[in-house]
Amino acid sequence: TISMVFDTKHAVSLTSKEGVEILIHVGIDTVTLGGNGFEAYVKAGDEVKAGDKLLSVDLNVIKEAGLNSITPMVVCNTSEYAAIDAVKLGNISIGDEIVKITPNS
């Protein structure tokens, strides 16, 4: 479920069926672009599944502004889990497993 889409469309947060709270933040300091180069395809409350388009970004806009396009994905409620381990770092493709979350016993 989409929890929030930032007004500037540079970030989206969602909560999985299991309760994992995830923030996807496109770029560093991209909030300063005021939404320029970003488009949102979802809104708070939307139910989504793997493969659904959430946001799009014109990477040239980020580059021309002198900003970094690295896109952190952050698990916000880490204290609720025994472990959160990266499975894959760097460039990823659709369908890649990128994180393993171990529930508390």
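Two strands count as paired if DSSP finds at least two bridges between them, and the strands themselves are DSSP runs (E, at least two residues; helices are H or I, at least four), numbered from the N terminus. The model is predicted, so to speak of local features takes a pLDDT of at least 70 and side-chain atom pairs count only at pLDDT 80 or more, while totals for chains, interfaces and linings use all residues. Residues are numbered from 1 along each chain as its sequence is written, and side-chain values use heavy atoms, with hydrogens and water left out.

On one side, S3 pairs with S2 (residues 11-15) in the antiparallel sense, over five bridges, and Ile22 of S3 is the bridge partner of Leu14. Five residues sit between the strands of this hairpin, and Gly19 there takes a positive phi near 95 degrees. S3 also runs antiparallel to S6 (residues 73-75), joined by three bridges, with Leu23 partnered by Val74 in S6.

Both S2 and S3 turn up again in the largest pocket, as do S5 (55-57), S6, S7 (81-86) and S8 (99-103), each giving two or more residues to the lining. A pocket here is an open set of points on a 1 Å grid over the protein atoms alone, where a 1.4 Å probe fits, with protein on both sides within 12 Å along at least five of seven lines; lining residues have an atom within 4 Å of a point. The volume comes to about 2000 Å³, taken as the space filled by probe spheres set on the points, which are joined across faces, edges and corners. Of the 44 lining residues, Ile24, Leu54, Met73, Ile92 and Ile98 are the closest to the centre.

Leu54 is also among the residues with the most contacts inside the largest nonpolar core, which has 16 residues; Ile2 and Val12 are others. Such a core is a set of buried Ala, Val, Leu, Ile, Met, Phe, Trp, Tyr and Cys residues joined through side-chain atoms within 4.5 Å. Buried means under 20% relative accessible area, exposed over 50%, and partly exposed in between (1.4 Å probe, protein chains only). Ile2 touches (heavy atoms within 4.5 Å) Val12, Val42 and Leu54, among others, not counting residues up to four places away in sequence.

As for the loops, Ile28 lies between S3 and S4 (38-40). Ile28 counts as partly exposed because its relative accessible area is 37%. Beyond neighbours within four places, Ile28 contacts Leu67, Asn68, Ile70 and Pro72.
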